[in-house]
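Please read them with the structure open.

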Amino acid sequence: MVGTAAEGRGPVRYGPYAPETGLPVLDESAAVLAGASGTATGEPSGGGPGLREAACGYWARRGLHSAPTEVVAASGAQPLLFALLGAYDGDVLMPRPCPAWWAPQARLLGRPAYHVPTPAECGGVPDPVALLETVRRVRTEGGRPRLLLLSVADDPTGTVAPPETVREACEAAVGEGLHIISDETWRDTVHEPRDTVLFSPAEMCPGDVTVISDLVGALTPASWPLAVARFPAGPEGAARRARTLDFLTALGAVVPAPVAAAAAHVLGEPAAVSTRARQANALHARLGEAVHRTVLAAGALARPPQAGRHLYADLGPLRARLAERGVRDSMELEEYLSDRLGTSVPGGHRFGDELGALRVRLSTGPLLGSAAEGQLAALRSDRPLGLPHVEAELRLLERAFQELR
């Protein structure tokens, strides 16, 4: 976690780490970044033509065709979302739970943010009926709901929303005049791509959806912050893009030239990048299954992870045993499990859940350890769970949960 002293435990400062793969930087990508390190000129605000064209190619391979004039890039997902929220105005709706970094952007802009429950089968997308009820309640109270944030492949729950759920939620949102911002950071981390159907809201409602993607989710290391946004075609999308560029320029959220070169390279998805992504997804899928089994064996609850490197555990059934250890809310649960596991285990209050709900987000990355040699050994192994350093981390997790049975 960011900060350890008690006075540093603010709602943002002590929040979860940025997404990390738990793997070393790919040599090929590092070489491209190093090769551009002598560039003296900076990238323009919103990203240069090469970077934006690479982003268009990336999206085109996923069925989302766009032009470079409909794309912007920024030095991280946080300033990019901040600029988008500023460009689109109005109150913001988001699912509960949601990524920990969403709500702070709205708060910094002074925008009201409302959480909407998700359906039982997935996170990331609001329940359509609950969404309509929330919109009408907010309007009755004098609010101006204008934006809906969602993520089809979700952090923190690690689930992928079924296409019919996405369609119903999008139709409800558009019918109420909401613009949709679809965070697709984790779309390339699906564990079983042959068995999991993922549709972008931009495929269903092309004129009403802005897509954002943090490349740190699947393609670049956390030390190279870069995110891209794809706006709808047409005059309204162009106007919102221009307004977003105003915000990014004012923030100075310009992509450094070496990072832009490396990002354009990975967005082109050469063989080495694609192979690393597939291997990483398969590895984290196996780790996620092991963590899920551990959670269920202890009597806690969690949806099986389908994407990304996290799962969301509900320790409500273990409330009595936790109370014996002085744990009565998610803040205390965060401290208890983080101390027991020696790594960040953010509580559900970070993701918009009620403080009294005993929920945490568990990550698979820390199971790989901090040594590059061990991480690569797990990536290349047919039995990564049997490697000594991975097995030791899994045993630590099992002991922490078995104590609560």
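1. Searching the whole structure gives 2 cavities of 30 Å³ or more. Keep in mind that this is a predicted model.

2. The largest cavity holds about 270 Å³ of space. Its lining is made of 23 residues. Those nearest the centre are Thr21, Ala218, Leu219, Thr220 and Arg276.

3. Which helix gives the most to the lining of the largest cavity? Helix 10, residues 271-297, does, with 6 residues.

4. By class, the largest cavity's lining has 12 nonpolar, 9 polar and 2 charged residues.

5. The second largest cavity has about 30 Å³ of space. Its lining consists of Tyr58, Thr185, Asp188, Ser213, Asp214, Leu215, Ala218 and Leu219. These split into 4 nonpolar, 2 polar and 2 charged residues.

6. Ala218 and Leu219 deserve a look in both places. They are among the residues nearest the centre of the largest cavity, and they also line the second largest cavity.

7. Now to Thr39. This residue sits in the loop between helix 1 (27-35) and helix 2 (49-60). Why is Thr39 called partly exposed? Its relative accessible area is 40%, and partly exposed covers values between the 20% limit for buried and the 50% limit for exposed.

8. The Thr39 side chain has a polar atom 2.8 Å from the backbone oxygen of Ala36. That distance is within the 3.5 Å cut-off for a polar contact.

9. Gly374 is 335 residues from Thr39 in sequence. In space, the two are 34 Å apart, C-alpha to C-alpha.

Technical notes:
Residues are numbered from 1 along each chain as its sequence is written. This is a predicted model: local features need pLDDT of at least 70, side-chain atom pairs count only at pLDDT 80 or more; totals for chains, interfaces and linings use all residues. Side-chain values use heavy atoms; hydrogens and water are left out. On a 1 Å grid over the protein atoms alone, a cavity is a set of points where a 1.4 Å probe fits but cannot get out, and a pocket is an open set with protein on both sides within 12 Å along at least five of seven lines; lining residues have an atom within 4 Å of a point. Grid points are joined across faces, edges and corners, and a volume is the space filled by probe spheres set on the points. Helices (H or I, at least four residues) and strands (E, at least two) are DSSP runs, numbered from the N terminus. Ala, Val, Leu, Ile, Met, Phe, Trp, Tyr, Cys and Pro count as nonpolar, Asp, Glu, Lys and Arg as charged, and the others, Gly among them, as polar. Buried means under 20% relative accessible area, exposed over 50%, partly exposed in between (1.4 Å probe, protein chains only). A polar contact is a pair of N or O atoms within 3.5 Å; within protein, one must be able to donate a hydrogen and the other to accept it, and residues adjacent in sequence count only if both atoms are side-chain atoms.
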